[in-house]
Amino acid sequence: MPPPHDLRCPVNPFRVNDYTGICDRCGAKVWLSDLSWQEEFAGFGLINLNLLVCRDCLDIPNESLKAIIIGPDSVPPRWPRPYNYAQQNAGGTAAPTNVREFLFDGDDPG
Ligand SMILES: [Zn+2]
(Lines give C-alpha, C1' and ligand atoms only; values in the text may rest on other atoms or scores of the structure.)
Protein backbone atom coordinates (compact mmCIF):
# COMPACT_ATOMS: atom_id res chain seq x y z
CA MET A 1 0.00 0.00 0.00
CA PRO A 2 1.57 3.34 -1.04
CA PRO A 3 1.89 6.12 1.50
CA PRO A 4 -1.07 8.51 1.54
CA HIS A 5 -0.82 11.70 -0.49
CA ASP A 6 -1.55 15.00 1.11
CA LEU A 7 -2.49 18.29 -0.56
CA ARG A 8 1.10 19.58 -0.49
CA CYS A 9 2.47 16.63 -2.36
CA PRO A 10 3.70 17.63 -5.83
CA VAL A 11 1.94 15.69 -8.54
CA ASN A 12 3.04 15.42 -12.12
CA PRO A 13 2.15 12.38 -14.22
CA PHE A 14 5.11 13.06 -16.53
CA ARG A 15 7.73 12.78 -13.77
CA VAL A 16 7.35 9.08 -13.32
CA ASN A 17 10.88 8.36 -12.12
CA ASP A 18 11.02 11.20 -9.63
CA TYR A 19 10.06 10.77 -6.00
CA THR A 20 9.00 13.14 -3.31
CA GLY A 21 11.26 14.09 -0.43
CA ILE A 22 11.13 16.20 2.68
CA CYS A 23 13.28 19.34 3.02
CA ASP A 24 15.53 18.96 6.05
CA ARG A 25 15.16 22.63 6.93
CA CYS A 26 11.49 23.58 6.47
CA GLY A 27 9.82 20.17 6.16
CA ALA A 28 8.14 20.90 2.83
CA LYS A 29 7.36 17.98 0.57
CA VAL A 30 9.03 18.61 -2.80
CA TRP A 31 10.46 16.58 -5.64
CA LEU A 32 13.54 14.72 -4.60
CA SER A 33 15.44 16.05 -7.63
CA ASP A 34 14.69 19.62 -6.48
CA LEU A 35 16.50 19.11 -3.16
CA SER A 36 20.12 20.29 -3.00
CA TRP A 37 22.93 19.62 -0.58
CA GLN A 38 23.60 22.55 1.74
CA GLU A 39 27.28 23.50 1.78
CA GLU A 40 29.29 25.91 3.89
CA PHE A 41 32.81 27.31 3.73
CA ALA A 42 35.27 25.75 6.16
CA GLY A 43 39.02 26.01 5.90
CA PHE A 44 40.04 26.23 2.26
CA GLY A 45 36.91 24.79 0.69
CA LEU A 46 33.26 23.91 0.97
CA ILE A 47 31.97 21.19 3.25
CA ASN A 48 28.70 19.35 2.93
CA LEU A 49 26.41 19.87 5.92
CA ASN A 50 24.47 16.69 5.02
CA LEU A 51 21.25 18.67 4.71
CA LEU A 52 19.03 18.19 1.66
CA VAL A 53 17.12 21.44 1.35
CA CYS A 54 14.60 22.89 -1.09
CA ARG A 55 15.34 25.88 -3.33
CA ASP A 56 13.76 28.31 -0.89
CA CYS A 57 15.90 27.10 2.00
CA LEU A 58 19.20 26.80 0.12
CA ASP A 59 21.64 29.33 1.60
CA ILE A 60 24.54 30.89 -0.25
CA PRO A 61 27.75 29.92 1.57
CA ASN A 62 29.11 32.79 3.67
CA GLU A 63 32.45 34.00 2.29
CA SER A 64 33.53 35.32 5.69
CA LEU A 65 33.92 31.74 6.92
CA LYS A 66 36.74 31.14 4.42
CA ALA A 67 40.27 30.79 5.71
CA ILE A 68 42.23 34.03 5.49
CA ILE A 69 45.26 33.68 3.24
CA ILE A 70 47.99 36.17 4.06
CA GLY A 71 50.32 37.04 1.20
CA PRO A 72 54.08 36.67 1.33
CA ASP A 73 56.35 39.19 2.99
CA SER A 74 57.73 42.02 0.88
CA VAL A 75 61.12 41.50 -0.73
CA PRO A 76 63.86 43.17 1.35
CA PRO A 77 66.55 45.34 -0.29
CA ARG A 78 69.39 43.31 -1.69
CA TRP A 79 72.28 45.25 -0.14
CA PRO A 80 70.97 47.09 2.91
CA ARG A 81 73.21 49.69 4.52
CA PRO A 82 71.90 50.49 7.99
CA TYR A 83 73.83 52.92 10.10
CA ASN A 84 76.64 51.27 12.06
CA TYR A 85 75.78 52.16 15.65
CA ALA A 86 78.23 49.57 16.98
CA GLN A 87 81.07 51.48 15.33
CA GLN A 88 79.84 54.76 16.80
CA ASN A 89 79.60 53.25 20.30
CA ALA A 90 83.15 51.95 19.92
CA GLY A 91 84.35 55.53 19.32
CA GLY A 92 84.36 55.43 15.53
CA THR A 93 82.82 57.84 13.10
CA ALA A 94 80.18 60.06 14.63
CA ALA A 95 76.60 59.91 13.37
CA PRO A 96 75.73 62.62 10.83
CA THR A 97 74.27 65.70 12.39
CA ASN A 98 73.45 67.51 9.16
CA VAL A 99 70.97 65.23 7.43
CA ARG A 100 70.83 67.28 4.20
CA GLU A 101 74.58 67.12 3.80
CA PHE A 102 74.53 63.43 4.56
CA LEU A 103 71.81 62.64 2.04
CA PHE A 104 72.94 64.82 -0.87
CA ASP A 105 76.68 64.51 -0.35
CA GLY A 106 77.16 68.20 0.35
CA ASP A 107 75.40 69.34 -2.85
CA ASP A 108 72.48 71.53 -2.00
CA PRO A 109 69.64 70.56 -4.39
CA GLY A 110 67.86 73.81 -3.86
ZN1 LIG B 1 12.89 23.99 2.67
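Strand 3, covering residues 36–42, and strand 4, covering residues 45–53, pair in the antiparallel sense over 6 bridges, where two strands are said to pair if DSSP finds at least two bridges between them. Helices and strands are DSSP runs numbered from the N terminus, a helix being H or I of at least four residues and a strand being E of at least two. The hairpin formed by strand 3 and strand 4 has 2 residues between the strands, and Gly43 in the turn has a positive phi of about 70°. Trp37 has Leu52 in strand 4 as its bridge partner, while Glu39 stands opposite Asn48 in strand 4. This is a predicted model, in which local features need pLDDT of at least 70 and side-chain atom pairs count only at pLDDT 80 or more, whereas totals for chains, interfaces and linings use all residues. Residues are numbered from 1 along each chain as its sequence is written.

**View B. Asn50 in strand 4.**
Asn50 lies in strand 4, and its phi is near 60°, a positive value in a residue other than glycine. Asn50 counts as exposed because it has 8 C-beta neighbours inside 10 Å; a residue is exposed if 12 or fewer other C-beta atoms lie within 10 Å of its own, buried if 20 or more do, and partly exposed in between, with C-beta atoms placed from the backbone. Asn50 and Gln38 are 12 residues apart in sequence, and their C-alpha atoms are 6.8 Å apart in space.

**View C. The nonpolar core and Val30.**
The largest nonpolar core has 5 residues, namely Cys23, Val30, Leu35, Val53 and Cys54. Such a core is a set of buried Ala, Val, Leu, Ile, Met, Phe, Trp, Tyr and Cys residues joined through C-beta atoms within 7 Å. If neighbours within four places in sequence are left aside, Val30 is in contact with Pro10, Thr20, Gly21, Cys23, Leu35 and Cys54, two residues being in contact if their C-beta atoms, placed from the backbone, lie within 7 Å. Of the 110 residues of the chain, 5% count as buried.

**View D. Asp24 in the loop between strand 1 and strand 2.**
Asp24 is placed in the loop between strand 1 (20–22) and strand 2 (29–31). Asp24 counts as partly exposed because 16 C-beta neighbours are found inside 10 Å. Leaving aside neighbours within four places in sequence, Asp24 is in contact with Leu51, Leu52 and Val53. The C-alpha atoms of Asp24 and Leu35, which are 11 residues apart along the chain, are separated by 9.3 Å.

**View E. Tyr19 before strand 1.**
Tyr19 is found in the segment before strand 1, and Tyr19 is exposed because 8 other C-beta atoms lie within 10 Å. Tyr19 and Ser33 are 14 residues apart along the chain, and their C-alpha atoms are separated by 7.7 Å.
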